[in-house]
Amino acid sequence: MEPTAPLHIYEVRPRKDHRGVDLISDALPVGRLWYDTRHNAIGYAMHFSRSADAVIRVYDEAGNVIETHEHEGDFKEW
């Protein structure tokens, strides 16, 4: 059995005050981060998960998933 990298799951949700989006995940050190655009939130999630596989789900204001991004971690053990 091969060891597997941890899977990070992120949610990008619009803020109720309509000022950008929240990036939410248990993988983040603070749990929730504010971003001005969903593109910036997705970029940060991919960068933060560079050593782990990640799934990033983008939600609309109604709570429906409108985008899903899968990122395979770049870091490989020797």
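Modeller: Let us start with R38, which is partly exposed, its relative accessible area being 38%. On this scale, buried means under 20% relative accessible area, exposed means over 50%, and partly exposed lies in between, with a 1.4 Å probe and protein chains only. Please keep in mind that this is a predicted model, in which local features need pLDDT of at least 70 and side-chain atom pairs count only at pLDDT 80 or more, while totals for chains, interfaces and linings use all residues. Residues are numbered from 1 along each chain as its sequence is written, and side-chain values use heavy atoms, with hydrogens and water left out.

Biologist: What is the average pLDDT of the chain?

Modeller: The pLDDT is the predictor's confidence in each residue, from 0 to 100. Here the chain averages 87, and 87% of the residues score at least 70. Among the elements, strand 2 has the highest mean, 97, whereas helix 1 has the lowest, 92. Such elements are DSSP runs numbered from the N terminus, helices being H or I with at least four residues and strands being E with at least two.

Biologist: With which residue does E67 form a salt bridge?

Modeller: As a general idea, side chains of opposite charge can pair when their charged atoms come close. The term salt bridge is used for a side-chain nitrogen of Lys or Arg within 4 Å of a carboxyl oxygen of Asp or Glu. E67 forms one with R38, the closest N and O atoms being 3.0 Å apart. Because E67 lies in strand 5 and R38 in helix 1, the pair ties together parts that are 29 residues apart in sequence. E67 is partly exposed, at 21% relative accessible area.

Biologist: How many salt bridges are found in the whole structure, and which residues are linked in a network?

Modeller: The search finds 5 salt bridges, and the network links R15, D17, D22 and R32.

Biologist: Which residues of helix 1 are buried, and why do they line one face of the helix?

Modeller: The buried residues of helix 1 include A41, I42 and A45. Seen down the helix axis, the buried residues fall within an arc of 100 degrees, so they line one face of helix 1; the arc is that of the directions from the helix axis to the C-beta atoms. Their cover includes strand 1 (7–14), strand 2, strand 3 (32–35), strand 4 and strand 5 (65–71).

Biologist: Where is S49 placed, and is S49 buried or exposed?

Modeller: S49 sits in the loop between helix 1 (38–48) and strand 4 (53–59), and S49 is buried, with a relative accessible area of 0%. Its side chain makes a polar contact of 3.0 Å with that of H8. A polar contact is a pair of N or O atoms within 3.5 Å; within protein, one must be able to donate a hydrogen and the other to accept it, and residues adjacent in sequence count only if both atoms are side-chain atoms.

Definitions and conventions. Contact = heavy atoms within 4.5 Å.
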